[in-house]
Amino acid sequence: MEQFVEVMLWVIYFFSLFFVTFWLMTSVTERTVTRRKKWTAWPAVSIIVPAYNEERGIKDTLYSLIKLNYPRSLLEIIVVNDGSTDATEEKVKEVTAAFPETTIKLLCQDKNKGKGAALNLGIAIAKGEYVICMDADSIVADAQALYQMLPYFSSPDIAAVLPCLKVGETKNLLQKMQRYEYLVNMFYKELMGRLDCIKVTPGPFALYRKDVIVKLGGFDEVFNRHLTEDLEIALRLQQHQYKIVQTMDTIVLTIPPDNLRDFYRQRKRWYTGGLLNTLRYRKLLLNRKFGDFGLWEMPVTLLSGFIMVALLFSVLYYLARPLVEWWANLRSINFDVWTLLQQFRLDLSVLDLHYSLIFVGVTMAVASIFVLARSHVLTREKAFRYGAMPLVLYSLLYFLLLAVGWVLIFHDLARNKEQRW
């Protein structure tokens, strides 16, 4: 058993070191300067806000959109109430009445049909040349957002432009740890953008060419009804060899789950969608036609969950083994703890140390520190904004939370359990 676990660990170390080395090499390469379009006349933009039971945050979301610095004649906000059973509709009507100078349209669906269907309903009546998907629990932090993002559409093959997504106000330790995850993800998204490898266009303020989305058939309403329509549309854009641009100019804030139950529900949805959609678009996998996305990003997405689960069970094995040995020793002496303590001798030799594993561990630790540091520099955030404890716990324990999420996913997939919002 121990030999099997050690071999599995070396496989994990190999893929992890290869992954880290690849991205570190990408990070030190010269960044391509994206040519920006100079608009002679700014285009019309439609912002679509799908909302399902969002009474708590929908008003703040709409307020942030109303504050956007953009000609009112060229901007419309379309809220699609997707069968909400709370006061979402009433909250939207309150905002509409308070700001009559801003075009806010409210569409209501009697039954919840899913986010993809809600987005497609909004797109069907949208007048804008460009459309934005805006989650109803997020806030645009920069009033200049549209003036910052639209110039990135410098060529017809650029289909989507994404903002820098950060965690907003945090209430507890779990949210503070997620803040570091979001910043690290932005670091990797920026690197993915250099290689045209972006695999997801997140819901908060993703900006699309409307004609491209319509041409590709709109957002998926069936396969991804309860999964990740934002990941599926990104894979479809990659399949048709459109480009997705990640920017760091525009900041959009989102509120992550504040308890473990909601955290795991979110991650199960994200990771299940990632795995199933990767299998759905398996023709892209290891296909040279799709460049780095097919040869690199698709395999990484497919393997990441299995690596996390293997790492979790390896850690549990090495933690449990000394406890089992200790219990066996106690039983052999009829639980005479005092005698066992008297016979205890610390027998440690430098020759007994596993230097190859120490080398790998130190290398991974140094790489992790570098990534954390670069993530904060890139996103212009302070590393110890909430003190040292959240950062330390994120570095040491957060991967265990994610690994448990993967275990739950594989368990549900084995039971063929449907994912729900």
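Let's start at serine 138, which sits in strand β5 (residues 138–140) of what is a predicted model. With a relative accessibility of 0%, under the 20% cut-off, serine 138 counts as buried. Its side chain makes a polar contact of 3.3 Å with the side chain of aspartate 137. Looking past the neighbours within four places in sequence, serine 138 touches Thr61, Ser64, Pro204, Val252, Leu253 and Thr254.

Next up is strand β7 (residues 206–209), which is covered on both faces. Ala206 and Tyr208 lie on one side, Leu207 and Arg209 on the other, and all of them are buried. In general, side chains in a regular strand alternate between the two faces of the sheet. Here is how β7 pairs up with other strands:

| Strand | Direction relative to β7 | Bridges | A residue pair |
|---|---|---|---|
| β4 (residues 130–133) | antiparallel | 4 bridges | valine 131 with tyrosine 208 |

Now for a pair of helices. Helix α6 (residues 173–194) packs against helix α13 (residues 388–414) at an angle of about 85°, and their axes are 10 Å apart. Since angles of 65 to 115 degrees count that way, α6 is roughly perpendicular to α13. On the α6 side, the contact includes Leu173, Met177, Tyr180 and Val184; α13 brings in residues including Pro390, Leu393, Tyr398 and Leu402. Sorted by class, the contact between α6 and α13 has 12 nonpolar, 1 polar and 2 charged residues. Lys176 and Glu181 of α6 are among the residues in this contact, and both of these count as charged.

Note on methods: Residues are numbered from 1 along each chain as its sequence is written. This is a predicted model: local features need pLDDT of at least 70, side-chain atom pairs count only at pLDDT 80 or more; totals for chains, interfaces and linings use all residues. Side-chain values use heavy atoms; hydrogens and water are left out. Axes are lines fitted to C-alpha atoms, for helices over the stretch in contact, and angles run from 0 to 180 degrees between N-to-C directions. Helices (H or I, at least four residues) and strands (E, at least two) are DSSP runs, numbered from the N terminus. Angles under 35 degrees count as roughly parallel, over 145 as roughly antiparallel, 65 to 115 as roughly perpendicular and the rest as oblique. Contact means heavy atoms within 4.5 Å. Buried means under 20% relative accessible area, exposed over 50%, partly exposed in between (1.4 Å probe, protein chains only). A polar contact is a pair of N or O atoms within 3.5 Å; within protein, one must be able to donate a hydrogen and the other to accept it, and residues adjacent in sequence count only if both atoms are side-chain atoms. Two strands pair if DSSP finds at least two bridges between them.
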